[in-house]
Amino acid sequence: MGPRVRLISVAAAAIVLVCGVVLALAARDVGWLVCGLVLDLLVVVVVAARSAHNQLNMVAERVTATRAETQVVRYEPGEPLDLLRRDLQRDVSALLVLNRITPPTGAMPAPGGWAATPDTLLLLVDRILAAEEEPLVVECGSGTSTVWIALALRARGAGRVISLENDAEYAAATRAALSRLGLSDWADVRHAPLQRVRVRDEDALWYSAEAIDDLSGITLLFVDGPPGHFGPRMRFPAVPLLAGRLSTGALVVLDDIDRPDEQAVEAEWTAHTWEGTSFRRAGGSDRAALFETIR
Ligand SMILES: C[S@@+](CC[C@H](N)C(=O)[O-])C[C@H]1O[C@@H](n2cnc3c(N)ncnc32)[C@H](O)[C@@H]1O
């Protein structure tokens with residue numbers, strides 16, 4: 001009820017009451033006073049009913065407005081909401097498949113965020129299970145992916161993953177996760193602090209040389225580190241420094257290819273030949289690019 005309506009109602013009720021009192025005094029009949037009071041009561045009932053009705057209408061309008069707002073949210077293919085929906089569908093379907101090699105007991109580290117997405121984990125697992133030769137996987141940046149790679153190797157019954165990790169705490173956390181799941185025999189997490197290296201004509205920061213000294217015949221290289229907060233194009237040295245250690249037909253997966261920095265890395269990898277090997281895009285996942293190698 002608005003202030004104006006409230007004022008008119010109170011005034012009407014007062015006038016009716018005053019009239020009732022005046023008439024009762026003039027006619028010396030209390031019946032007029034009773035009539036005034038009854039009329040007042042009627043005014044109060046009508047005004048209250050009207051006010052309740054108005055409030056219901058306002059609520060109804062709000063509900064309709066919410067529905068209308070919901071209805072006008074549009075999304076076109078390729079728009080953020082559509083991409084989010086597609087991402088979720090890919091992630092859920094990837095997790096359903098990954099679930100087949102998940103151990104019945106033991107806590108699995110979470111995918112996504114800093115870790116690879118389920119779709120990328122499935123890409124890695126798929127390639128390991130489908131590989132013709134015994135897999136030797138090298139991973140730059142340890143975590144959830146190390147566990148899934150080790151699980152795939154165990155499911156396959158052969159192979160090993162060497163995970164390079166610049167941060168001692170993350171290396172220990174990954175080793176602990178592997179141990180909890182009984183996967184330590186399939187993985188070697190190497191603490192490899194970052195060092196200055198010379199790549200082509202430029203200085204770069206990458207994992208210590210000792211950590212890769214003994215590596216040869218790598219069948220799958222997963223590049224998900226060192227972390228970008230150390231500088232631009234941190235993942236670039238992986239191919240120049242490891243190309244000579246790849247097996248014939250090796251595959252390379254570069255994570256976070258939706259970022260400009262990783263796209264710049266891809267452009268450089270594919271523009272040159274590294275130790276006689278060239279790299280060509282051959283698909284990927286929702287966030288990672290897959291490269292095949294040609295010698
Ligand atoms: C992208 S992460 C590697 C993730 C790993 N390949 C996976 O899929 O779980 C790259 C590096 O970031 C660091 N890192 C991992 N998780 C982090 C976190 N939550 N916050 C900060 N740094 C993190 C670690 O040093 C790791 O090697």
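Ala, Val, Leu, Ile, Met, Phe, Trp, Tyr, Cys and Pro count as nonpolar, Asp, Glu, Lys and Arg as charged, and the others, Gly among them, as polar. With that sorting in hand, the shell of residues around the ligand divides into six nonpolar, six polar and four charged.

A word on the model comes next. This is a predicted model, in which local features need pLDDT of at least 70 and side-chain atom pairs count only at pLDDT 80 or more, while totals for chains, interfaces and linings use all residues. Residues are numbered from 1 along each chain as its sequence is written, and side-chain values use heavy atoms, with hydrogens and water left out.

## Around the ligand

Which residues come nearest to the ligand? Of the 16 residues around the ligand, they are A116, T144, S145, E165 and D224. Here, a residue is near a molecule if one of its heavy atoms lies within 4 Å of it.

Some of the contacts are polar, meaning a pair of N or O atoms within 3.5 Å; within protein, one must be able to donate a hydrogen and the other to accept it, and residues adjacent in sequence count only if both atoms are side-chain atoms. A polar backbone atom of A116 is 2.8 Å from an oxygen atom of the ligand. For Y170, an N or O atom in the side chain is 3.0 Å from a nitrogen atom of the ligand. On its own, the ligand has 580 Å² of accessible area, and the protein covers 83% of that. Such areas come from the Shrake-Rupley method with a 1.4 Å probe; for residues, only the protein chains shown count as cover.

The ligand takes up the space of the largest pocket. On a 1 Å grid over the protein atoms alone, a pocket is an open set of points with protein on both sides within 12 Å along at least five of seven lines. A molecule sits in a pocket if more than half of its atoms lie within 2 Å of its grid points.

Helices (H or I, at least four residues) and strands (E, at least two) are DSSP runs, numbered from the N terminus. The loop between strand 6 (218-223) and helix 7 (238-242) holds P226. A cis peptide bond, with omega of about 0°, joins G225 and P226. R233 lies in the loop between strand 6 and helix 7, and has a positive phi of about 50° although it is not a glycine.

Is R233 buried, exposed or partly exposed? Buried means under 20% relative accessible area, exposed over 50%, and partly exposed in between (1.4 Å probe, protein chains only). R233 counts as partly exposed because its relative accessibility is 23%.

E275 is in the loop between helix 8 (260-271) and strand 8 (278-284). Its phi is near 50°, a positive value in a residue other than glycine. E275 has a relative accessible area of 59%, so it is exposed.

## Partners across the chain

T277 is found in the loop between helix 8 and strand 8, and its 1% relative accessibility means that it counts as buried. D119 is in helix 4 (residues 118-130) and is buried, with a relative accessible area of 10%. A192 sits in the loop between strand 3 (187-191) and strand 4 (194-199), and it counts as buried because its relative accessibility is 0%. A152 belongs to helix 5 (residues 144-156) and is buried, at 0% relative accessible area.

The table pairs these residues with partners elsewhere in the sequence.

| Pair | Separation in sequence | C-alpha to C-alpha distance |
|---|---|---|
| T277 and V239 | 38 residues | 9.6 Å |
| D119 and S93 | 26 residues | 8.3 Å |
| A192 and S208 | 16 residues | 5.3 Å |
| A152 and L122 | 30 residues | 9.6 Å |

How values were computed. 1 Å grid on protein atoms, 1.4 Å probe; cavity = no way out; pocket = protein on both sides within 12 Å on 5 of 7 lines; lining within 4 Å.
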